[in-house]
Amino acid sequence: MFKDLDDELTFRDLCDGVVTINGDIEDFEVQQLLQELNQIRRKVKPGGKIQINITSSGGDVYPALAMYDVIRSMSPAYDITTIAIGHACSAAAMIVLQAGDERAATPNTRFLLHEVSHWSVFSNDTTSQIEERLVEMNALTDQVMYIMEHKCHKSADEIKSAITKTELWMGADQALSWGLIDRIVS
């Protein structure tokens, strides 16, 4: 029935309502998350608990927003806890972790917050193309700030000033006092 022990453990986790996001946030992870949450819907009754474990260095903001939307869409029917384990950086901390009804972290988890960024070399880009990218980056920044200000109970200005032109690293205790998580789990 199972190809290996990892398949069997994943099956058991899904039956228990546990999903693991491990690695960079990319389009593949969105599809995998959708598949696993659909399997959980068949096994966990509405009103049940779903736990999403996150270990990630971050990644692309678009898939992170898609993951956020997928998780939030299940929230009315399920009690969802997102748990950062080890590290939750960038999009993983600022978007995906924030999707849980309750946000938690293990004691030694490290977090990284920073401005929305775009990798670009201005090789043959025109001024108008650069301006269009800037408009999109500002729109994405506004979306991320909206998510964080509502979940962290900070103003967009407070968040922006904390992450503008710098990387904000913090441990679990700092993340708890900052409002990035609701509790620390052992």
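# A guided tour, starting from a salt bridge

Begin by selecting Glu102 and Arg183, which form a salt bridge in which the closest N and O atoms are 2.8 Å apart; a salt bridge here is a side-chain nitrogen of Lys or Arg within 4 Å of a carboxyl oxygen of Asp or Glu. Glu102 lies in strand 4 and Arg183 in strand 7 (residues 183-184), so the pair ties together parts that are 81 residues apart in sequence. Helices (H or I, at least four residues) and strands (E, at least two) are DSSP runs, numbered from the N terminus.

Before moving on, keep in mind that this is a predicted model, in which local features need pLDDT of at least 70 and side-chain atom pairs count only at pLDDT 80 or more, while totals for chains, interfaces and linings use all residues. Residues are numbered from 1 along each chain as its sequence is written, and side-chain values use heavy atoms, with hydrogens and water left out.

Now colour the two partners by accessibility, where buried means under 20% relative accessible area, exposed means over 50%, and partly exposed means in between (1.4 Å probe, protein chains only). Glu102 is partly exposed, with a relative accessible area of 25%, and Arg183 is also partly exposed, at 33%.

**Next stop: Asp101 and its partners**

Select Asp101 together with Arg72, and you will find their side chains meeting in a salt bridge of 3.0 Å, N to O. Arg72 lies in helix 3 and Asp101 in the loop between helix 4 and strand 4 (102-105), so this pair ties together parts that are 29 residues apart in sequence. Arg72 is partly exposed at 27% relative accessibility, and Asp101 is partly exposed at 31%.

Is Ser75 buried or exposed? Ser75 counts as buried, because its relative accessibility is 11%.

Stay in that loop, between helix 3 and strand 3 (79-89), and select Ala77, which is partly exposed at 32% relative accessibility. Not counting residues up to four places away in sequence, Ala77 touches Pro46, Gly47 and Gly48, where contact means heavy atoms within 4.5 Å. If you draw a distance from Ala77 to Lys45, the two C-alpha atoms are 8.7 Å apart in space, although the residues are 32 apart in sequence.

**Then: helix 6 and helix 5**

Select Lys160 and Asp142, whose side chains meet in a salt bridge of 3.9 Å, N to O. Lys160 lies in helix 6 and Asp142 in helix 5, so the pair ties together parts that are 18 residues apart in sequence. Lys160 is partly exposed at 31%, as is Asp142 at 47%.

Which residues of helix 6 (residues 156-163) are buried? They are Ala156, Ile159 and Ile163, and they cover an arc of only 70° around the axis (taken from the directions from the helix axis to the C-beta atoms), which puts them on the same side of helix 6. An α-helix has 3.6 residues a turn, so residues three or four places apart point the same way. Turn to the other side of helix 6 and you will see Asp157 and Ser161, which are exposed. The elements covering the buried residues include helix 4 (91-96), strand 5 (110-113), helix 5, strand 6 (168-171) and helix 7 (172-178). Just after helix 6, select Lys165, which takes a positive phi of about 60°.

**Last stop: the nonpolar core**

Finally, select Ile95, Phe111, Leu113, Met148 and Leu180, which touch the most other members among the 49 residues of the largest nonpolar core; such a core is a set of buried Ala, Val, Leu, Ile, Met, Phe, Trp, Tyr and Cys residues joined through side-chain atoms within 4.5 Å. The largest share of this core, 8 residues, comes from helix 3 (residues 61-74). Centre the view on Leu113, whose contacts beyond four places in sequence include Met148, Ile163, Trp178 and Leu180.
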